[in-house]
Amino acid sequence: MTTKLPQSQLPEEEILRVAEQEQEEKSQYQRHIYVCMGAACLAAGSATVKDSLSEVVDQNGFAGRCAVHGGGCRGLCAEGPTVTIEPDDVLYGKITPQDAPDIIKNLGKKRPLERLHRPTDRPFFLRQQRIVLELAGKVNSERIEDYIASGGYKSLLKAVHEMSPVEVINEITRSGLRGRGGAGYSTGLKWRTVAKADGHPKYVICNGDEGDPGAFMDRSVMDDYPFRLLEGITIAAYAVGAEQGYVYIRAEYPLSVRRVQNAIRQAQRLNLLGNQIAGTAFNFDVQVRVGAGAFVCGEETALIASIEGKRGQPRPRPPYPATAGLWGKPTLINNVETFANIPAIIRNGADWFASIGTEKSKGTKVFALTGNINHSGLIEVPMGITLREIIYDIGGGIPNGKRFKAAQTGGPSGGCIPEEHLDISMDYESLAGIGSIMGSGGLIVMDEDSCMVNVAKYFMEFCMTESCGKCIPCRVGTAQIYRILDNTTRGTATLSDLEQLEMLCDMVRHTSLCGLGQAAPNPVLSTLRFFRDEYLMHIVEKRCPAGVCHLHPEPALYNDTKESVR
Amino acid sequence: MSGVVTLKINGIDVGAQENETILDVARENDIFIPTLCYLEGLSRIGACRLCLVEVKGISKLLPACATTVAEGMEVFTDTDRLRKYRRLIVEMLFTEGNHVCSVCVANGHCELQTLAQQHEIDYVSLPYLYPQRTVDASHERFVFDHNRCVLCTRCVRVCDEVEGAHTWDIRGRGIESGVITDLNQPWGTSVTCTSCGKCVQACPTGALFMKGKSVGEMVHSPSFLTFLAQMREAKK
Amino acid sequence: MTKKRLATVWLDGCSGCHMSFLDIDERLLLLADKLDLVYSPLVDQKTFPDKVDITLVEGAVSSEEDLHKIQHIRAHTRILVAFGDCAVTGNVPSLRNSVGAESVLRRAYMEPDLINPQFPTDVIPALLPVVRPVHAVVKVDVHIPGCPPSADTIFSVVSDLLSGKSPEVMTSTHFGA
C-alpha cells in the first residue's frame, strides 16, 4: 500500500507548497482576528460581529495589515461571542458589532481593551491540556489551507508514506487510547480486529450522533476541527484497510453537517481523500449521513441500521460490527473525539500520548461543563484530574455562593457524583467504581437547589421517550420506572413503590437489548445510592428538601388527577 | 457439514452443530425456554428477552434464540433470577396494552396467555397503563386490534421476509411505538398488502384475527412457516 | 373445631363467579361443615360483619361505593381473596379505562333516543375515574384468576384455605379461563 506512484497526482510536495503559500499569505498581515464560529457564539451573534469587524478593517485602511477570519471555539461559551487576536493571544468576550471600531483602534497597543478582555492566564485555560481542541480558536474551520499551514495532514502523510497499516495500529495500541464514546474500549484493539476480519469491502464510520442532554463536545469538534476529524478517519481507514467511510451526524447539527461536507470537498480537491491519496495506492472516500435525531442511533448497531436506510434499532451483539457491520461487512466505528485524537498520536508518538493521563486512562478528555457553574463551556483536561479541580479551578466554582451537591457524568446513561467523591480521579475505572461512567463527556454540575429525585426523573423521561421500543424491558420498563419517579415527585409514591423501583431497575439493566436500556436505570440507581434520604423524604415525609417538587399527597387511588364522575 | 460441539444445558450433556443456537439445541432436547418474538422461519431479533439464559463465565444474560453454541458452554435456562425477570417481562406486556383475555378472540389460543400461565402469574403486580389504542377493521377479511399487540414484529417480519410485501412496519418510539400499514394508513387502503393472511397466522395474540371470529375462536397456525422454512432448506 | 367465617362480595362484576361458586354443587355440603357463610349476595345479611376469616371478592373496583366497601371489608377480613378476573385484573369493567368514565356515562344516559336524557344524580354511586383491580386498592392475599374460575378451582382453593394450607391456584386456572 505504501508503494509510491509517479508524481503525477498531487504529492506530498504539493501539500507542503499549500502550507507555505498559506503561511506566506498570512505573514503579510500583522494581525489576525479570529471570530468564534462555534454554535454557541453563532447563536450569540458572532456572524454579525465578524461582518462589522471586516467592515471596520476595510473602512479604516487596515485591509492589507489585518485579516478577519472565522475561527473555532475557545471553550468560554458563556462569554460568547468571543474574538481571538493573533499573534498577541488576546481574547475578548461578549462582543457586540458596536465594539468593532474600538477593537480595531486598539490593535497594536500594549494593553488590551479592559472592558472586553478575558485574560487567558487564568486557571480555566492554564489547567486545560488541549489535543483534540488544539489551536482552539486560531484555525479557520472552513479552509483546508489554514489547517495544513498549522501542521495539519502531516500525520496522514507520515502514516501513508512512512508507516505500514500494522505499524499505525501498533502505535495507536501503544498509546493506550480508548474509545471516547463512553464505553472506553481499546481503540487499537478495535482497529486490529477490523483489520484482521475477513470480508471486503471494509468500512469506517464516525459516530457523530451526540445526543446526551447538555453534551456538545463532538459538535464542537465537527464544527471547528472538521479537517482534523477527517485526517483521523483517513488514518484509521488506512490502518484497517477500508475504502469507504461515513460520518453520521444528527440533523440537529446543521452547522456540523455543512462544515464536514465542506471539509470533505476540500480534502478531495487536494487529493487527501479519493483515489491514490497523496500519491500512494491508498483509496478512501467519505460521505456524510444525516441522522434524524434519535438518541438510540448513537448505539453502533442502530447507527449502522440507520445508514443502511432501515429503522434505527439495535440488534443483538455478537456479531460485533468489527466482523459484521455495515451491509454485513467488517466495520470500524469510533466516536468523533476518538478520531480527533489520532493525528496528534501519529505526529507526536504513542509514548507522548501515553505519558498523559493515568495508568489505564491515557490522554485527555473533552467535557461540556454545564449547569450551576461559573464558567460553563467546553474544556479539555488530562485524564486523572479530580472533579474538584474541574469544578473549582477550571469552572470557577458554583455561582451565587451556593453549595455543590452533585455532578452528573455520562448523561442519561451515567450517574451522579456527590460531594464526598469530589476528589475522584476522572478516569474510566474510578467513575465506574462509584456507579457512574465517563460517558461521552457531558458534565452537569448541580447545586443545593437541585432535587436528585427530579434529576433522576428527568433522565428517565429522556430514556423513555428515546427508547426505540424494540425490546420489552426498555420499552415498558422505562415507562414503569418513570411512573414511579413521577409519583415520587408528586408525593403519591409509597415505600412499596420504592421496592418496585429497585426491582424494575435491576431487571431493565440486566435484560435490555442494547446499551440505552442497560444504562437507563443508572441515574436512578446512582441517586438512590447517594441520595436515598431524599427519596425517603419525598415518600415518607411528603416533602422535597430542595423545594423543587410540589407534592400533593393524596390516596394512591386518586393518582389520576381526574375527579370521580357521576 | 459444520463441526459438532458438546455443551451442557442445565447440567445435561448435549451435542449440537456449531452453527445452531442455544434455543435450537434446547428444543431438540425438550428443554423449555420461553419465547415470544421468535418464530421458526423468521429472522431472529432477540427483542422480547424472554429467552434470555445464563451462560457460565459470561456476566451478561444472552438471548438463546440469537446466540450460537460453543464447545464446553454451560447454559442455565431456569434459574431463580431468570424466572424473576421473565415474570416481570410478561407482566409488563399485560400493563402495556389492553389485554382482556375473557373477551378476546384468541382466548385459549394465545401465546401471551400461555406465557402468563407458564410463569404462574396469578396477578399483575405492576400498574396497568391503559393506553388509548385503535382497532383497524378496514381490511375486507382481517382485523388489527392494537390493544392486543405486543410488538413482537412477527407480522412485520413474515410480511417482509416470507411474503415479500413489507406492508407492515413500526412507527414511533418506545412505549408509543406501534405497528403500521404502509405509510400509516388504514389496512384496507394498503396498496402493498396481498391479503395473504400470513401476518394473521404469525400473530401470537388476538391482535390480528379473521373477521367473523368470536371469543376464543381465533386459532393461529404459525406452523405453515415451519413448513416453508423446511422447503427452503430442502431447495438449498 | 370452630367453623371458619366466610364472606363473599360482589363489586363490579357479572356475578358469574358467584354462579361458578354455586356450581360446586353437592360439595357445598362438605364446605358447609367447615364454614359459616356470614355475608354474601346469596344470604340475607345487610352489613358486613366483624372478624371474617376469608372473603371472596368478585368484581373490580369501579365506583365510590366499591371503594368504600372494599376498604371496610379489608379492615375486617383476615384473608382477602380476589375472586375471578374482574377482581384480579379489572377485566371487562376496566375496558372503559382507555376511553374514560364520562364517555361511558354519556353513551348510556345521553346518546340513546330518550325522552329526558340526563346523567343519574343520587341513586347511582359515582364512577371512579379509573377502574382498578382489587390489589391496586387494598392488600390482597390470594388471587384466583379465571372468567369465571371453574368450580373445581374454587372448591380446591377454598378447601385449602379452610385447612390453613397455602392454595395451589395456578395449576388449574389462568387469565380468561
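In this predicted model, strand S1 (residues 4–9) of chain B runs parallel to strand S5 (residues 74–76) of chain B, and the two are joined over two bridges. Within this pairing, Lys8(B) has Glu74(B) of S5(B) as its bridge partner. S1(B) also pairs with S2(B), here in the antiparallel sense and over six bridges. In that pairing, Val4(B) stands opposite Gln17(B) of S2(B). S1(B) and S2(B) make up a hairpin with two residues between them, and Asn10(B) in the turn takes a positive phi of about 50 degrees.

These pairings belong to a wider arrangement. Five strands of chain B form an open sheet in the order S2-S1-S5-S3-S4, with mixed pairing. Strand S2 (12–17) and strand S4 (62–63) of chain B are the edge strands, each pairing on one side only. As a reminder for readers tracing the sheet by eye, strands of a sheet pair through backbone hydrogen bonds, either parallel or antiparallel.

At the level of domains, chain B is divided into domain 1 (4–78) and domain 2 (100–235). The C-alpha centres of domain 1 of chain B and domain 2 of chain B are 25 Å apart. Contact between them involves eleven residues of domain 1 of chain B and 18 residues of domain 2 of chain B. The side contributed by domain 1 of chain B consists of eight nonpolar, two polar and one charged residues.

Chain A is divided into four parts: domain 1 (28–36 + 38–71 + 83–117), domain 2 (144–354), domain 3 (364–450) and domain 4 (464–559). Between domain 2 of chain A and domain 3 of chain A, the C-alpha centres are 27 Å apart. Each of these two domains brings 16 residues to their contact. On the side of domain 2 of chain A that touches domain 3 of chain A, helix H10 (residues 217–224) of chain A gives the most, with three residues. That side of domain 2 of chain A has four nonpolar, six polar and six charged residues.

What makes strand S8 (residues 331–335) of chain A largely enclosed by the rest of the structure? Five of its five residues are buried, so S8(A) is largely enclosed. In a regular strand the side chains alternate between the two faces of the sheet. In S8(A), Thr331(A), Ile333(A) and Asn335(A) point one way, Leu332(A) and Asn334(A) point the other way, and all are buried. S8(A) pairs with strand S5 (residues 203–208) of chain A in the parallel sense, over five bridges. One of the residues involved is Leu332(A), the bridge partner of Val204(A).

Helix H14 (residues 336–348) of chain A has eleven of its 13 residues buried, so this helix too is largely enclosed by the rest of the structure. The buried residues of H14(A) include Val336(A), Phe339(A), Ile342(A), Ile345(A) and Ile346(A), and also Glu337(A), Thr338(A) and Asn341(A). Just after H14(A), the backbone at Gly349(A) adopts a positive phi of about 95 degrees.

Turning to the contacts between chains, chain A and chain B meet through 23 residues from chain A and 25 residues from chain B. Helix H2 (residues 80–96) of chain B gives the most to the chain B side, with seven residues. By class, the chain B side has 17 nonpolar, five polar and three charged residues.

H2(B) also takes part in a helix pair with chain A. Helix H20 (residues 495–511) of chain A and H2(B) pack at an angle of about 100 degrees, and their axes are 10 Å apart. Because angles of 65 to 115 degrees count as roughly perpendicular, H20(A) and H2(B) are roughly perpendicular to each other. Met507(A), His510(A) and Thr511(A) of H20(A) make the contact with Tyr85(B), Leu88(B) and Ile89(B) of H2(B). These contact residues divide into four nonpolar, two polar and no charged.

Finally, the contact of chain B with chain C takes 20 residues from chain B and 21 residues from chain C. Helix H4 (residues 85–89) of chain C gives the most to the chain C side, with three residues. The side of chain C that touches chain B has eleven nonpolar, nine polar and one charged residues.

Technical notes: Residues are numbered from 1 along each chain as its sequence is written. Chains are lettered from A and ligands numbered from 1 in the order in which they are written. This is a predicted model: local features need pLDDT of at least 70, side-chain atom pairs count only at pLDDT 80 or more; totals for chains, interfaces and linings use all residues. A residue is buried if 20 or more other C-beta atoms lie within 10 Å of its own, exposed if 12 or fewer, and partly exposed in between; C-beta atoms are placed from the backbone. Helices (H or I, at least four residues) and strands (E, at least two) are DSSP runs, numbered from the N terminus. Two strands pair if DSSP finds at least two bridges between them. Two residues are in contact if their C-beta atoms, placed from the backbone, lie within 7 Å. Ala, Val, Leu, Ile, Met, Phe, Trp, Tyr, Cys and Pro count as nonpolar, Asp, Glu, Lys and Arg as charged, and the others, Gly among them, as polar. Domain bounds come from an automatic or database domain assignment. Axes are lines fitted to C-alpha atoms, for helices over the stretch in contact, and angles run from 0 to 180 degrees between N-to-C directions. Angles under 35 degrees count as roughly parallel, over 145 as roughly antiparallel, 65 to 115 as roughly perpendicular and the rest as oblique.
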